Amino acid sequence: MEKFTTHTGIGVPLRQSNVDTDQIIPAVYLKRITRTGFEDALFSAWRKDPSFILNQAPFNAGSVLVAGPDFGTGSSREHAVWALKDYGFKTVLSSRFADIFRGNSGKQGLLAAELAQDDIELIWKTLENAPGTEVTVDLVSKTVICGNLVAPFAIDDYTRWRLLEGLDDIGLTLKHEEDITAYEATRPAFKPKTLPARLS
Amino acid sequence: MANTLAEKVWDAHVVRKGDGDGANAQPDLLYIDLHLVHEVTSPQAFEGLRLAGRKLRRPDLTIATEDHNTPTLDIDKPIADLTSRTQIQTLRNNCQEFGVRLHSLGDAEQGIVHVVGPQLGLTQPGMTVVCGDSHTSTHGAFGALAMGIGTSEVEHVMATQTLSLKPFKTMAINVEGTLKPGVTAKDIILAVIAKIGTGGGQGYVLEYRGSAIRALSMEARMTICNMSIEAGARAGLVAPDETTYAYMKGRPHAPEGADWDAAVEYWNTLRSDDDAVFDAQVDLDADTLEPFVTWGTNPGQGVSLSDKVPSPNDFGDENAKAAAERALQYMGLEAGTRMKDIRVDTVFLGSCTNSRIEDLRAAADVIRGRQKDPQVRMLVVPGSARVRLEAEAEGLDRVFKDFGAEWRFAGCSMCLGMNPDQLEPGERCASTSNRNFEGRQGKGGRTHLVSPVVAAATAVRGTLSSPSDLDPAPESAALHTDAA
């Protein structure tokens, strides 16, 4: 995973709550078996509307998405994170993220930064009044800078550390393989196994 | 120390406690007892293993089925859509390469992953269950800690049989009282979501408690736990009891003999201690609950079926108001319209929320001896091939076909419209599924979430209806019931 320390890019105000993962990427794009190439799929239904924010310059070149509360609800599809990244987003700001989306973001190096809704509103206003305004998201100091605003954001320390270091989760866990093997030896015999298959 | 059920299951699976305390605590490493796999969220995970030269650690704790992207018609023919066919074939190749048990289309155990696990007896109390699907919360009905994960985590579980997780907060959802006839588990969970909102459960594991929950069947408990994710919670559970054990006993992978006794002894310890403290409490009165239905484009936008479409001005919060305005426009609805005056084009009975045998029986009981509204299309999609066989043995397929409904093969189908079962733009659907998001069931499609009995009554009248809105069924219908 690529390291994330700080990022500065054009902010995109998405004034909407409950942006679910079906909106971020509709199910039809989930038939693909690759992990990249989802940029065309991002918000594909909404992008058919010429007035949608990503169809307008300079927002179409944005890399900091500033969304309403409850972003990423619904389906667990990690494709939502892949699509945001493939389009060019490095970070999403919201006052509340769905748990699975936040987890998926952390695994893929997309920074999900949780801000107070009041600060989100201020950033929206700045971005709408001066389109093209750049937003800086600094993971080291856990702050967002937009115009005159300097706002703190929340992220759990473990995810922050992994993003700063660009660490791969599986590699970290396999350092504790002995613990896993030891735990397996203590599992009760009545726990089910899928193999050999027993059928009705 | 007193613990909640969720905490007990958590503690029993800690492989390695995370370093540090409080806000600085690292995640715990938890062991995973069962990993369910399907075609959509697994190909990139298998590919990741291959690229890193890693093995799948425990094929004997892993099981796969084809469900999201499979047709519900002509399943004996090659899948027409080439991309879909490739995805299914990729799962088959991967399962063969990594030694994973797979139930393919046409197999008697194929079906929606969250129907298949419990039906095989693989889902048991006190387990940790994961799947690359947010509705994995379904398995919590057995007192398991079950959650949906993303593809990176799918790969992590494949490689390590563990997950790194930060402890959740706990929320008790207390449902006391007795449900009125025609009011079901679906109405309980839709009411809970409307009450706490789509983000209300975020960061929590929900435990459903109280006399109304204890009185529910396993199928009904699965319906409730299934939609925990729609309240923002990653998991929801119900303490196991005699109802759980009766459901499990004799299933193919249920413990037998001395193992059964040992298991039950353990399962009996799986309830929240009387003095356990939940981080939050929500109360719902079962006595006064009515059939519930959604009017908007997120599952929290719901009202009683006897109510009216709300006005955006009813919402104090600016974001909720804007969301309501947008939802009404998308749904093509006017504020103040009686929900029961809303006409639908399609009725969908299916999905991991409501496609089990009990759901089909409940819907069949409503429509038996009646005629479908001729304008309405009705799709009945059993949750698994096994459920379909069971239903056919009971003659339910005849009831649905005589009524004028389409009797399909098992899969996720129109719940998410990945396969050809989709709504047309502007088409309105009463659906027993779990999400009414924009375009979820097909581009431009409009979804009202309902229970199976409301779906059935709606198919009779053509407008959103509860069974109590129907005229008494003809006399012959009762005879047919006895015969079946």
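Analyst: Helices (H or I, at least four residues) and strands (E, at least two) are DSSP runs, numbered from the N terminus. Helix H2 of chain B spans residues 43–52, and B:Gly48 has its place there. This is a predicted model: local features need pLDDT of at least 70, side-chain atom pairs count only at pLDDT 80 or more, and totals for chains, interfaces and linings use all residues. Residues are numbered from 1 along each chain as its sequence is written, while chains are lettered from A and ligands numbered from 1 in the order in which they are written.

Confidence comes next. The model scores ipTM 0.94 and pTM 0.96. Chain B has a mean pLDDT (the predictor's confidence in each residue, from 0 to 100) of 96. In chain B, 97% of the residues reach 70 or more. Residues 477–484 of chain B stay under 50. For that stretch the model has 7 contacts beyond four places in sequence; a contact means C-beta atoms, placed from the backbone, within 7 Å.

Back to B:Gly48. A residue is buried with 20 or more other C-beta atoms within 10 Å of its own, exposed with 12 or fewer, and partly exposed in between; C-beta atoms are placed from the backbone. B:Gly48 counts as partly exposed because it has 19 C-beta neighbours inside 10 Å. B:His156 is 108 residues away along the chain, yet the C-alpha atoms of B:Gly48 and B:His156 are separated by 9.6 Å.

Now the domains. Their bounds come from an automatic or database domain assignment. Domain 1 of chain B covers 5–284, and domain 2 covers 292–483. Their C-alpha centres lie 25 Å apart. Each of the two domains gives 38 residues to the contact between them. On the domain 1 side, helix H4 (113–119), H6 and helix H8 (218–226) of chain B give two or more residues. H6(B) provides the largest share, 6 residues. That side of domain 1 has 13 nonpolar, 18 polar and 7 charged residues. Here Ala, Val, Leu, Ile, Met, Phe, Trp, Tyr, Cys and Pro count as nonpolar, Asp, Glu, Lys and Arg as charged, and the others, Gly among them, as polar.

Strands pair if DSSP finds at least two bridges between them. In chain B, 4 strands form an open sheet with parallel pairing, in the order E11-E10-E9-E12. Strands E11 (235–237) and E12 (280–285) of chain B are the edges, each pairing on one side only. From one strand to the next, the twist averages 20°. B:Ile173 has B:Val282 in E12(B) as its bridge partner. Helix H6 of chain B, residues 185–196, lies across E9 and E12 of chain B. H6(B) runs at about 130° to E12(B). Axes are lines fitted to C-alpha atoms, for helices over the stretch in contact, and angles run from 0 to 180 degrees between N-to-C directions.

Chain B has another open sheet, of 3 strands. The order is E1-E2-E8, and the pairing is antiparallel. Strand E1 (14–16) and E8 of chain B form the edges, each pairing on one side only. The twist in this sheet averages 40° from one strand to the next. E1(B) and E2(B) are joined by 2 bridges. Strand E2 of chain B (residues 28–31) is joined to E8(B) by 4 bridges. B:Leu29 of E2(B) stands opposite B:Arg16. B:Leu29 also has a bridge partner in E8(B), namely B:Ser164. Strand E8 of chain B (residues 162–165) points B:Thr162 and B:Ser164 one way and B:Leu163 and B:Leu165 the other; all are buried.

Chain A meets this sheet too. Two bridges join E1(B) to E2(B), and helix H8 of chain A (residues 177–184) packs on the sheet, touching E1, E2 and E8 of chain B. The direction of H8(A) makes about 145° with that of E1(B).
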